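Student: Hi! I'm new to this one, could you walk me through a few of its features?
Tutor: Happy to, let's look at it together.
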Amino acid sequence: MVHVRFSPSPTGFLHVGGARTALYNWLFARHHGGIFSLRIEDTDRQRSSEEFTKDIMAGLQWLGLDWDKGPIFQSQRLETYNRYVEMLLSSGKAYYSEEEGKKAVRFKMSDDTLEFKDLIRGTITFDASLIEDFVLRKADGFPTYNFACVVDDAEMKITHVIRGDDHIANTPKQLALYKALELEAPKFAHLPMILGEDGARLSKRHGATAVKEYMELGYLPDALVNFIALLGWAPGDDRELVSREEMIKDFTLERVGSTSARFNKTKLDWMNSQYIRQTPSEELVRLLKPFLSRAGVNVEGVEESWLKRLVELYKERFKTLQDFFLQTSFFFTEEIEYQPEVVDKHLKSEEITGLLHEVHDALSGLEEFKKETLEGCLRGVVERKHVGFGKLAQPLRVAITGRTVSAGLFETMELLGKERTLKRLSHCLHTFCRAGSI
RNA sequence: GGCCCCUUCGUCUAGCCCGGUCUAGGACAUCAGAUUUUCGAUCUGAGAACAUGGGUUCAAAUCCCAUAGGGGUCACCA
């Protein structure tokens, strides 16, 4: 039975690199019908914190990476590690060493050649004599990473260790420990790193690195999962949008590449927009509400069916949940702001004033404020004025939305409603257009 | 610096293990055209890569070696 684990240390928020490691472990376990465990490596008492543990678990849950066992906390397993320390001490494979008044236990490193077959890179060989005796138990009584990792992987009967390739250099030490403890080593697969857009190691200066940040920016978990899955793995054919089920079915370590990948936000944005389109509108409404609230919208006061229609109007236009409000804010307020440059360019001319006047009058007389009737009405206006519809569209858009970019005019007006549309129109005529008073 | 890993379009990658089907495929991005009430979306099309140098072979992106470049790691951190 395959048994893998994700074993983060709670010294920081769950970041995309860790998320991908977790994802690959999870996919591997699900593909083989095995076990996926979560182990918290909190042996650094200074840097570990419960806040990070919570963040990591919340992040995994949000991504839909459910674990079968755990979380197991290393900080609660000191007796176990001590038992193994005693074994090594009594067999002479470990010894006490004191430096600067701190008494630790060190492992007596062998001096042979250590070799293992990495499932992703093939055989990797190390000269053990180049590795110095390393600490097993720190002066504070806690085990070090390499030691706790080996003890736990052995006790948990982990079959495959899938982790970042920054752990390659740790592997010979762990191999030596397995040998000294007469335990069978698991198989190893070292994943290449995820780099920032510029090819440097991913860090805060690259923008969002924490999973939580992507959640707050309005990325859908499925989209993020799909995107990071493809950073190092490919299904083998030309598919880009791969569902979880397909990933589980097709995921193998053989198909994981060995070269580091750069994080590409533009492609993530594209992928997120694809997932947004796939998501039912009712679901989007539900997901969007927290974002609207945070933006200051009184969500309780917004009619559900109206919001759903707005979502449908913008469904192919917003790339993230946060982006939705950025594009539709003028629907949620009474007053809107007009940028002077935009007003100057689109509203300040005799001809436009006349046109908008005409539009205001025509719209006032409408019984029904639906997109079909609106279209008929507006096209009638430009026809009577002998101008192209393009002449009217932009100024009118600016007048009722305050922007030069929006969804279709008729749909926009319908959703905005007669009252607000006319109010904004007359406000513009009064304020910006020289000739105008209604 | 020692040790280890990596190197296909700008980016993510397919192909590499099992040399010929590769005039190297796809996606994002870019550019052009179409459409159009703006932007976007959409459709069509274009440009764009086997790091370099040696081998091996009838034949190399695919195998071998060297060089260069990038990354990782050298803690009583994980």
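Tutor: One term before we start: two strands pair if DSSP finds at least two bridges between them. Also keep in mind that this is a predicted model.
Student: Okay, then in what order do the strands of the open sheet of 3 strands run?
Tutor: The order is β4-β5-β8, and the pairing is antiparallel.
Student: And which are the edge strands?
Tutor: Those are β4, residues 94-99, and β8, residues 135-137; each of them pairs on one side only. On average, neighbouring strands in this sheet are turned by 50° against each other, ignoring direction.
Student: How many bridges join β5 to β8?
Tutor: There are 2 bridges between β8 and β5, which covers residues 102-107, and the two strands run antiparallel. As for a particular contact, Val105 has Arg137 in β8 as its bridge partner.
Student: New topic: which peptide bond is cis?
Tutor: The bond from Gly70 to Pro71 is cis, with omega near 5°. Pro71 sits in strand β3, residues 69-73.
Student: What about Lys157, what is its phi?
Tutor: Lys157 is not a glycine, yet its phi is positive, about 60°. You'll find Lys157 in the loop between α4 (145-155) and β9 (160-164).
Student: Is Lys157 buried or exposed?
Tutor: Its relative accessible area is 63%, so Lys157 is exposed, the cut-off for that being over 50%.
Student: And where does His386 lie?
Tutor: His386 is in the loop between α15 (371-384) and α16 (389-401). His386 has a positive phi as well, near 55°, and counts as exposed because its relative accessibility is 72%.

Methods
Residues numbered from 1 in each chain as written. Chains lettered and ligands numbered in written order. Predicted model: local features only at pLDDT ≥ 70, side-chain atom pairs only at ≥ 80, totals over all residues. Heavy atoms only, no water. Helix = DSSP H or I, 4+ residues; strand = E, 2+ residues; numbered from the N terminus. Axes fitted to C-alpha atoms, helices over the stretch in contact; angles between N-to-C directions. Buried < 20%, exposed > 50% of the residue type's maximum accessible area, 1.4 Å probe, protein only.
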